[in-house]
Protein chains: 2
Amino acid sequence: MKENKLKEITSRDVDFAKWYTDVVRAAHLADYSSVKGCIVIEPNGYAIWERMQEILDKEFKKLGHVNCQMPLLIPENLLKKEGDLVEGFAPEVAWVTKGGEKELEEKLCIRPTSETLFCDYYATHVKSYRDLPKLYNQWCNVLRWEKETRPFLRSREFLWQEGHTIHSTREEAIKETDRMMDVYYRFHHDVLAIPSIKGKKTEKEKFAGAEYTLTNEALMYNGFSLQLGTSHYFGQKFSKAYGVTFTNKENKEEYPYQTSWGITTRMIGALIMVHSDDYGLVLPPKIAPKQVVIIPIGDSEEVNNLSKEIEEKLLNNEISAYIDNSEKSPGFKFSEAEVNGIPIRIEIGKRDLEQNIITFVRRDTREKITKQIDIDIVTFTKNLLDTIQKDMYEKAKKRRDELTFKATNLKEMENILNTQPGFIYGLWCGDSKCEEKIKEIKGCKSRCIVDDKEIDGNCVCCGKKAEYNVIWGIQY
Amino acid sequence: MKENKLKEITSRDVDFAKWYTDVVRAAHLADYSSVKGCIVIEPNGYAIWERMQEILDKEFKKLGHVNCQMPLLIPENLLKKEGDLVEGFAPEVAWVTKGGEKELEEKLCIRPTSETLFCDYYATHVKSYRDLPKLYNQWCNVLRWEKETRPFLRSREFLWQEGHTIHSTREEAIKETDRMMDVYYRFHHDVLAIPSIKGKKTEKEKFAGAEYTLTNEALMYNGFSLQLGTSHYFGQKFSKAYGVTFTNKENKEEYPYQTSWGITTRMIGALIMVHSDDYGLVLPPKIAPKQVVIIPIGDSEEVNNLSKEIEEKLLNNEISAYIDNSEKSPGFKFSEAEVNGIPIRIEIGKRDLEQNIITFVRRDTREKITKQIDIDIVTFTKNLLDTIQKDMYEKAKKRRDELTFKATNLKEMENILNTQPGFIYGLWCGDSKCEEKIKEIKGCKSRCIVDDKEIDGNCVCCGKKAEYNVIWGIQY
């Protein structure tokens with residue numbers, strides 16, 4: 001059985017794209033649907049999203065954010081109010097033109113993002129500085145009519161969280177933009193074990209309508225980059241476009257300052273592409289919906305009792321454990337736990353019990369650890385989960401560092417991209433023409449500006465004095 | 001300030017409909033949006049929905065259900081496969097006809113419900129009895145192109161949970177239909193303090209596509225009925241329409257049995273219309289996002305320290321308390337806590353402290369309770385919350401009983417409906433022509449069949465032998 005299951009997954013080093021979709025399918029994270037470009041997020045995948053929501057939502061609320069829900073549909077007229085936004089999104093929205101049996105007088109788009117709706121709301125609800133700040137967030141689905149789609153990474157409909165805040169001062173809004181980027185950064189590093197890099201998007205790559213965009217960029221196993229979360233500073237751009245004003249402390253009418261920030265189900269794709277292997281999904285313990293599976297081998301009372309005892313102990317100590325009591329063979333269960341990325345597998349067999357031992361198997365290294373039955377199982381498991389979390393981060397960081405390069409001219413950049421893509425540090429003058437020229441090499445784009453102070457050196461493209469230190473890469 | 005706030009709410013007995021929307025607006029539960037028929041669920045309203053989700057989701061998972069996410073869009077072709085369903089929903093769906101800049105080859109509707117998508121998924125994922133049951137649920141938004149809308153009660157877009165399960169036997173599916181109705185029933189009674197009545201819908205009123213529909217019907221303060229949650233038994237109707245089959249234990253191919261069940265944000269509307277009053281929202285403690293507000297009066301260190309001490313004690317004992325530290329006047333804070341339906345308000349004043357007393361105010365009865373500072377505040381508050389929960393249920397039950405009538409003929413029914421609508425028990429022969437005739441009286445409909453065994457008596461409409469004991473009423 002085991003071999004049969006493993007055969008389904010293409011080797012990561014042979015065909016990365018196929019390996020990715022094989023893992024998505026084999027671990028039952030998502031499936032294609034009858035709606036082109038839209039996926040079904042299956043229970044195994046959705047449970048990861050629920051974990052992400054649980055952890056992040058708690059963080060947001062700690063900082064004073066509250067959740068709300070804006071409508072799914074946006075009237076064309078409302079969308080059009082902010083010029084950059086409509087230009088950025090109009091080519092990729094879905095339009096509702098018929099409601100019930102009637103043609104609509106004004107067509108409605110399915111939200112690709114909700115700046116317009118929040119502004120429309122704030123315009124009637126923000127009157128005085130006393131109403132500010134408003135720290136609103138919503139968890140919802142959005143839709144972008146993408147041409148090429150891949151499960152989790154780019155699908156027409158996806159789930160996300162979008163925070164939209166509004167402040168009385170520029171400083172406060174800038175601080176909010178920063179602190180939310182930090183929340184994401186810590187989440188990626190500490191929970192997802194993904195060593196993302198923080199930076200600022202270039203003018204060309206920033207969010208349509210933003211004054212600037214902060215981003216967390218992560219490197220996938222194959223050297224491609226993935227944008228994992230963004231935080232936008234809008235200044236007064238949207239408040240001016242949507243006529244949001246407030247009376248400040250000096251009793252003067254003023255435009256407030258806004259931010260927005262979001263993360264999506266794409267992070268599930270990142271977990272696969274950073275951590276997983278040819279045996280299936282590998283999940284960091286902190287994000288794994290189930291951390292420990294206990295697999296009893298053979299149907300003996302002693303084995304079953306010990307399994308239950310261990311499960312109970314672990315559950316009572318906040319370790320999400322479960323017994324696989326299904327009718328399948330032990331070999332099949334091992335393989336299934338492996339494909340599904342359960343961080344620790346505990347095997348309890350009758351013969352082992354005679355020797356007073358049980359076996360722990362780490363999913364990340366596939367290492368088997370044999371222990372005496374009388375060990376402090378809770379402490380051992382807790383420590384092992386911590387070790388796995390730490391080791392996974394270190395391993396991902398090592399890979400990232402191995403695939404991080406430096407280029408001082410276009411030729412070097414081209415060589416790197418032709419050999420092995422990765423994060424490429426390259427100085428930049430700030431001219432978007434250079435960005436466009438670099439893009440001609442395999443579609444390589446600026447990922448983020450990591451430094452813009454006292455840059456000493458020349459632009460990787462035109463050779464003129466550089467203003468920015470930038471990471472370049474091929475994106476998903 | 002207080003009077004000013006209260007003025008905003010029309011009296012419940014003067015204009016119930018206006019009172020309802022006044023409460024929705026004054027408590028900042030929801031607001032109208034620029035999209036006709038769609039509302040913005042504001043943080044106060046959304047927090048109630050989050051509490052509902054938290055409690056119900058835990059219940060669902062305890063029973064073995066798992067969450068997933070189906071696409072938002074349904075191709076026309078797929079929707080059309082089950083005849084009754086498409087007939088029931090086609091007049092009230094929104095159609096996407098354009099994606100990006102292109103006309104679509106096949107139009108897509110925004111899901112009004114997701115039976116079709118679940119069936120489409122099950123058709124490829126259910127093969128053997130070993131794959132069954134699948135106990136899937138999703139929390140999502142749906143859209144129905146209603147003509148007349150009211151916040152929470154009937155809006156074009158609403159949030160809900162839809163469970164879709166598939167089983168190998170008829171018995172198991174029937175059991176599931178029952179147990180989920182019981183989950184809802186317990187939730188309405190024990191958490192929302194709403195004494196709903198369980199029953200079965202008539203053929204005319206059942207869900208399009210169901211073999212039968214179970215329902216929980218609640219009575220609002222004005223005597224109108226509201227359907228609070230339904231659980232449908234589909235038999236093999238959908239599995240046949242969508243070609244879902246499985247190999248049973250006898251190795252024969254068979255059609256599986258399905259159910260679906262759902263509750264919506266409409267329950268927020270019910271909380272208003274059952275419990276609330278002319279001072280605003282009244283929430284049962286078990287569903288209130290915030291159970292206790294502490295209002296310090298005057299800015300003294302002693303008052304502030306005691307406030308903090310009490311807040312901490314309550315929070316440590318799982319009572320969600322907070323201090324209102326805003327710049328507003330105490331009177332305004334009292335009124336705001338009242339409008340927002342916080343179950344208990346604790347007032348701590350400097351002069352009271354000199355006499356060693358603090359004041360508790362119950363939101364439901366508006367009763368003031370003065371206590372010595374040295375009481376066991378946690379126990380007292382816990383007991384008071386329990387008392388409020390119990391009293392609110394009893395009060396709602398008393399109102400329901402007062403507005404529950406019995407009619408033996410059409411004349412009696414008409415008299416009741418012209419005087420004071422409510423739940424009207426009336427025997428019924430089972431002929432839908434009688435249902436239609438009854439509907440002519442102020443649109444009165446069958447709410448549910450409460451009994452269909454050994455009925456002794458005659459149909460309230462035609463006078464022939466009755467088969468069912470039915471509750472009739474005017475619905476929202």
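Predicted model: local features only at pLDDT ≥ 70, side-chain atom pairs only at ≥ 80, totals over all residues.
Student: What kind of axis relates chain B to chain A?
Tutor: Superposing chain B on chain A takes a rotation of 180 degrees, with 0.0 Å of shift along the axis.

Student: Which residue of chain B comes closest to the rotation axis?
Tutor: The distance is taken at the C-alpha. It comes to 2.1 Å, and the residue is B:V96.

Student: Through what do the copies meet?
Tutor: Take the interface residues of chain B: 100% of them are also interface residues in chain A. So the copies meet through the same surface.

Student: How far apart are the centres of domain 2 and domain 3 of chain A?
Tutor: Domain 2 spans 292–386 and domain 3 spans 404–473. Their centres, taken over C-alpha atoms, are separated by 49 Å.

Student: Where is A:K445 found in chain A?
Tutor: The strand in question covers residues 445–451. A:K445 is found in strand β22.

Student: Is A:K445 buried, exposed or partly exposed?
Tutor: Buried needs 20 or more C-beta neighbours, and exposed needs 12 or fewer. A:K445 has 16 inside 10 Å, so it counts as partly exposed.

Student: With which residues is A:K445 in contact, leaving aside neighbours within four places in sequence?
Tutor: Contact requires C-beta atoms within 7 Å. On that basis the partners of A:K445 are A:E205, A:K439, A:W472 and A:Q475.

Student: How far apart in space are A:K445 and A:V274?
Tutor: In sequence they are 171 residues apart. In space, C-alpha to C-alpha, the separation is 20 Å.

Terms used
Residues numbered from 1 in each chain as written. Chains lettered and ligands numbered in written order. Least-squares fit on C-alpha atoms with pLDDT ≥ 70 in both. Contact = placed C-beta atoms within 7 Å. Domains from an automatic or database assignment. Helix = DSSP H or I, 4+ residues; strand = E, 2+ residues; numbered from the N terminus.
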